[in-house]
Amino acid sequence: MPIIKQKDYKTWKKFDRKRDLQNWLCWFLGTLIFSFCFGLISSKTIWFYVFDSHNEALDLLGRMFPPETNYFFTLIKPIWDTLNIATIGTTIGTLIAIPLAFLSANNTTPSKKFLRPLALFCIVSSRSINSVIWALLLVAVVGPGVLAGIIAIGLRSIGFCGKLLYEAIEEIDENQIEAIEATGANKAQIMTFGIVPQILPAFTSISIYRWDINIREATVVGLVGAGGIGIELDAQIGDLAWAKVSVILLAIVVAVVFSEWITAKIRKAII
Amino acid sequence: MNDKKVIWKRKPLIKNRLLRIGLILIISTYLLSVFLTTEIDWQRILEGIPRGKNFIFAFFPPDFITRSDEILAGIFESLWMTIVATIVGILISIPVSLGAAKNIAPKFVYFLSRGVITLSRSFQEVLLAIFFVKLMGFGPFAGMVTLSLSTIGFFAKLLSEDIEDINKSQAEAIKSTGSSWFQWVNYGVQPQVMPRFIGLSLYRLDINFRESAVIGIVGGGGIGSTLNTAFDRYEFETAAAVLIVIISIVMIVEYTSSHLRKLIK
């Protein structure tokens, strides 16, 4: 942080001249990239529609209010389905993620050359395909319905939980494992008494966190036919029944806030 | 010496026995009720297995060549969308995250900002995209708006948590020099949250790219549109190629972003 001497006074500046120039260059390049990208997007945009969107939005809001409150009672079953998709999906996902995480953690993997890259590949491909795309594929295989949603959410959760879990396994305290080893424990005993207690807190918080995310994801897998409230939403948007759509949106917000509240409670109770 | 064998048992996870049994009961009734209320059409699944097999075999071999122009165009569109949306989203998130930090904002602003965050977090990107496509027409602009808005919920939430954790004495030192509010935020708060800020931006860039693959399905432009078109034309080989391209780009982006994050730390 240089102090610059002027003729008769000193000023303080945060960066010296070189750093200033570097910063300026970064900003310049950033702005350049941004405007270039935005230019490409805007060339594909019909600006008339965009400038007209506030009218469209007002129109839509007008159609959405007042919400058709009676409709809520038909939504109870879809909401229940959505909850189940999220919960069962998370359970399946975490159960499959556990062995994968052990295979891909540096310190527990049985073979670094073969199994570890394979397990990592499973984790990455599960992470990079969104649950909606999984659902799209699964609806074709097992047919539309809750089951496709459960499997889609489960498959998507594997990567997320697996990645966070194997990072947790890699960070465990080796001394404790050595202590267990010193008692003459075999591999399985080391696992249950040395590793599992250390990663259990991470495991619970990861699965709760994923459950919270999955509630949101479960609301949209229905858009491609995989069960839950999304099916209802898709149908009502198709019917242009906006007064019902607003009820569904409200229900989603309530469900999400509720799940967030529960996860916060559980996390407080555990930690 | 006594001959009595001492057996060590591991402590149960939940100490209270009543709670333990209660939890097991609750979980089993829940599972039972799920099982009873979900209609699973086993007939359809049995039928679906050979169909699924055909479906999966239809993906092979992945065909990168026939529609290579469209795949490339889709990927680049996704990239532009991701970059612009991340930048716009972060720019909006900065004031929101300042507002959502308890130690900076007054009560009223705090609740307002938290409300914005909750609202942005409750709706999935795909859901938002449906509405923005309806409002603004098909194409990458609607996708960009969607991604920017959903960036707010993620970015502002995590950044505001970091702002709440700042070292108070540093911020106070700046304040005691008689700084204005903006100077205080710029010199007292911003340097402390900067590492996290950069990490989060890279992470969000990664997420936004992944999400851009799905919002295309509902008309938001990008590689998702290419994927959707491929599905609609029953060109599963092309769809497989698109999926492989998405996976590999996500892998590259993830690898570089985690590498960069480590460098910054």
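**Figure 1. The helices of chain B in the predicted model.** In this predicted model, chain B holds 10 helices and 0 strands. Read from the N terminus, its elements run α-α-α-α-α-α-α-α-α-α. The radius of gyration of chain B is 26 Å, while the globule rule gives 18 Å for 265 residues, so the chain is more spread out than a compact globule. Buried residues make up 38% of the 265 in chain B. Take the contacts in chain B between residues at least 6 apart in sequence: 70% of them join residues at least 24 apart.

**Figure 2. Helix 1 of chain B, end to end.** Here we look at residues 17-37 of chain B, which form helix 1. From first C-alpha to last, these 21 residues reach 30 Å, close to the 30 Å expected at 1.5 Å a residue. How many of the 21 residues of this helix are buried? The count is 0, and helix 1 of chain B is hardly covered. A handy reminder for tracing any such element: an α-helix has 3.6 residues a turn, so residues three or four places apart point the same way.

**Figure 3. The bend in helix 8 of chain B.** Helix 8 of chain B covers residues 181-215. Its end C-alpha atoms span only 39 Å, whereas a straight helix of 35 residues would span 51 Å at 1.5 Å a residue. Where does helix 8 of chain B bend? Look at Q190(B), where the bend is about 55°. A proline, P191(B), follows within four residues.

**Figure 4. The side of chain A that touches chain B.** The contact between the chains takes 42 residues from chain A and 40 residues from chain B. On the chain A side, helix 1 (residues 17-43) gives the largest share, with 6 residues. By residue class, the chain A side divides into 28 nonpolar, 9 polar and 5 charged.

**Figure 5. The two domains of chain A.** Domain 1 of chain A takes in residues 3-64, and domain 2 takes in residues 71-270. Taken over C-alpha atoms, the centres of domain 1 and domain 2 of chain A are 37 Å apart.

**Figure 6. L240(A) and its backbone angle.** L240(A) sits in the loop between helix 10 (229-238) and helix 11 (242-270) of chain A. Although L240(A) is not a glycine, its phi is positive, at about 55°. Is this residue buried or exposed? L240(A) counts as exposed because it has 9 C-beta neighbours inside 10 Å, and the cut-off for exposed is 12 or fewer.

**Figure 7. N106(A) and E171(A).** N106(A) belongs to the loop between helix 4 (72-104) and helix 5 (115-128) of chain A. With 10 other C-beta atoms within 10 Å, N106(A) is exposed. Along the chain, N106(A) and E171(A) are 65 residues apart, and 9.9 Å separates their C-alpha atoms.

**Figure 8. E181(A) and F193(A).** E181(A) is found in helix 8 (residues 174-182) of chain A. Its 15 C-beta neighbours inside 10 Å make E181(A) partly exposed. F193(A) is 12 residues from E181(A) in sequence, and the C-alpha to C-alpha distance of this pair is 9.9 Å.

Notes:
Residues numbered from 1 in each chain as written. Chains lettered and ligands numbered in written order. Predicted model: local features only at pLDDT ≥ 70, side-chain atom pairs only at ≥ 80, totals over all residues. Domains from an automatic or database assignment. Contact = placed C-beta atoms within 7 Å. Helix = DSSP H or I, 4+ residues; strand = E, 2+ residues; numbered from the N terminus. Nonpolar A, V, L, I, M, F, W, Y, C, P; charged D, E, K, R; others polar. Rg over C-alpha atoms; globule rule 2.2 N^0.38 Å. Buried ≥ 20, exposed ≤ 12 C-beta atoms within 10 Å, placed from the backbone. Expected span 1.5 Å × (residues − 1). Bend = angle between axes of the 7 residues up to and from the residue.
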